[in-house]
Amino acid sequence: MLFAGALYDYQGPQTDDIGVIFHYALAHIERGIPFAVSMLAILLAHEFGHYFMARRHDTQVSLPYYLPFPISPFGTLGAFINLKEMPKNRRVLLDIGIGGPLSGLVVALPILFFGLMTSSLNRLPLAGENGVGLSLEGNSLFYLFAKWLVFGKLLPQPTVYDTYPLFYWIRYFFTGLPLPWGALDVHLNAVAWAGWAGLLVTALNLIPVGQLDGGHLLYVLFGNRAKQAFPIILAGLFVLGFVWSGWWIWAALILFFGRAYAEPLDQITPLDFPRKVLAVLGLVVFFLIFTPLPLVIIMG
């Protein structure tokens with residue numbers, strides 16, 4: 001994460017030589033501290049939200065396992081805990097499943113807003129500049145709203161709308177088109193980048209299928225009927241793969257590993273009303289923070 005953060009905050013000479021960029025990042029590894037601390041704080045909160053909720057219900061669980069992945073933009077594949085026994089009933093499964101995302105968001109949201117407030121607005125380069133390449137973070141409904149709260153604008157703000165603003169944003173939200181050359185946009189600092197990544201990781205965990213946190217929420221609400229959503233979600237990810245190929249990887253993972261749901265030992269004890277509300281809230285949060293197109297890469 002330190003290395004990924006140092007790469008993100010690269011301030012060396014403009015070059016296409018990856019070796020030069022990597023050497024600079026290693027030589028200035030301290031530049032990665034803001035990102036690494038922020039990202040680790042989000043992951044720690046998420047995983048220990050699961051852990052402490054499991055311990056509260058006397059469910060045997062491992063400490064979190066953290067997965068390094070140096071060549072990713074975040075330096076990590078995230079983390080997970082291992083339940084060593086099945087949850088006793090739906091109430092316990094709900095508490096363990098929702099504990100991670102809510103705890104992670106409690107940390108991610110202040111990090112995101114602090115990062116946005118300390119980031120700057122800039123104009124993206126105009127189309128046609130030779131050799132200019134940009135990687136833009138995608139938007140969720142909540143992230144668009146967060147930028148609007150901080151800057152008073154929907155970002156990236158185009159120089160001119162080529163259609164009605166509502167149609168423009170629906171199209172850009174799902175496809176990243178038209179490419180926002182010359183648009184006014186926020187240049188995320190390392191802390192804001194970690195906050196955005198925290199939202200993305202939380203949304204991925206809340207996909208309502210299988211052993212993911214969202215799968216737990218759907219199962220406690222609908223029982224075995226939750227499995228009927230499997231082909232719908234798989235088809236949705238496959239379609240989204242045409243605008244961001246990473247969804248095809250997720251669709252493949254879910255196809256091979258996402259069929260099994262965490263079924264509690266006691267299938268009779270119903271959810272109480274507050275937990276039903278909490279489960280529905282978790283699914284609503286998923287729709288608010290889900291990013292259909294996580295990264296938009298544009299080249300001049």
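At 29% relative accessibility, Arg91 counts as partly exposed, a class lying between buried (under 20% relative accessible area) and exposed (over 50%), as computed with a 1.4 Å probe on protein chains only. The model is predicted, so that local features require pLDDT of at least 70 and side-chain atom pairs count only at pLDDT 80 or more, whereas totals for chains, interfaces and linings use all residues. Residues are numbered from 1 along each chain as its sequence is written, and side-chain values use heavy atoms, with hydrogens and water left out.

Arg91 belongs to a network of salt bridges that also links Asp95, Asp272 and Arg275. A salt bridge is here a side-chain nitrogen of Lys or Arg within 4 Å of a carboxyl oxygen of Asp or Glu, and the structure holds 6 of them. In the pair formed by Asp272 and Arg91, the closest N and O atoms are 3.7 Å apart. Because Asp272 is located in the loop between α10 and α11 and Arg91 in helix α4, this pair ties together parts that are 181 residues apart in sequence. Helices (H or I, at least four residues) and strands (E, at least two) are DSSP runs numbered from the N terminus. A salt bridge also joins Arg275 to Asp95, with 2.8 Å between the closest N and O atoms. Since Arg275 lies in helix α11 and Asp95 in helix α4, parts 180 residues apart in sequence are tied together by this pair. Arg275 counts as buried at 19% relative accessibility, and Asp95 is buried with a relative accessible area of 7%. Asp272 forms a salt bridge with Arg275 as well, the closest N and O atoms being 2.9 Å apart.

The nonpolar interior was examined next. In soluble globular proteins, nonpolar side chains tend to be buried together. A nonpolar core is defined as a set of buried Ala, Val, Leu, Ile, Met, Phe, Trp, Tyr and Cys residues joined through side-chain atoms within 4.5 Å. The largest such core has 53 residues, of which Phe35, Leu116 and Ile207 touch the most other members. Two or more residues are given to this core by each of α3 (33-56), α4 (90-117), α5 (141-151), α7 (190-205), α8 (213-222), α9, α10 and α11 (273-289). Helix α7 supplies the largest share, 10 residues. Apart from this core lies another, of 13 residues, among them Leu124, Phe173, Leu293 and Ile298. When neighbours within four places in sequence are left aside, the contacts of Phe35 are Met1, Ala4, Gly5, Pro73, Phe74, Ala190, Trp193 and Ala194, contact meaning heavy atoms within 4.5 Å.

Helix α9 (residues 230-240) has buried residues at Phe230, Ile233, Leu234, Leu237 and Leu240. These residues cover an arc of only 125 degrees around the axis, which puts them on the same side of α9; the arc is taken from the directions from the helix axis to the C-beta atoms. The cover over the buried residues of α9 includes α10 (246-257). Exposed residues Pro231, Ile232 and Val239 are carried on the face of α9 turned away from its buried side.

A nonpolar patch on the surface is formed by Tyr65, Leu67, Phe69, Ile71, Leu77 and Phe80, which together have about 600 Å² of accessible area. The elements contributing two or more residues to the patch are β1 (65-68) and β2 (76-80). Patches consist of residues with over 30% relative accessible area and no salt bridge, like charges being joined within 9 Å and nonpolar side chains (Val, Leu, Ile, Met, Phe, Trp, Tyr) within 5 Å. Accessible areas come from the Shrake-Rupley method with a 1.4 Å probe, and for residues only the protein chains shown count as cover. Leu77, in strand β2, is exposed with a relative accessible area of 57%.

Several backbone features were also noted. Most residues other than glycine have a negative phi, and most peptide bonds are trans. A cis peptide bond joins Leu155 and Pro156, with omega about 0 degrees; Pro156 lies in the loop between α5 and α6 (165-175). Leu177 and Pro178 are likewise joined by a cis peptide bond, with omega about -5 degrees, and Pro178 is found in the loop between α6 and β5 (184-187). Asp58, although not a glycine, has a positive phi of about 55 degrees. Asp58 is situated in the loop between α3 and β1 and is exposed, with a relative accessible area of 61%.
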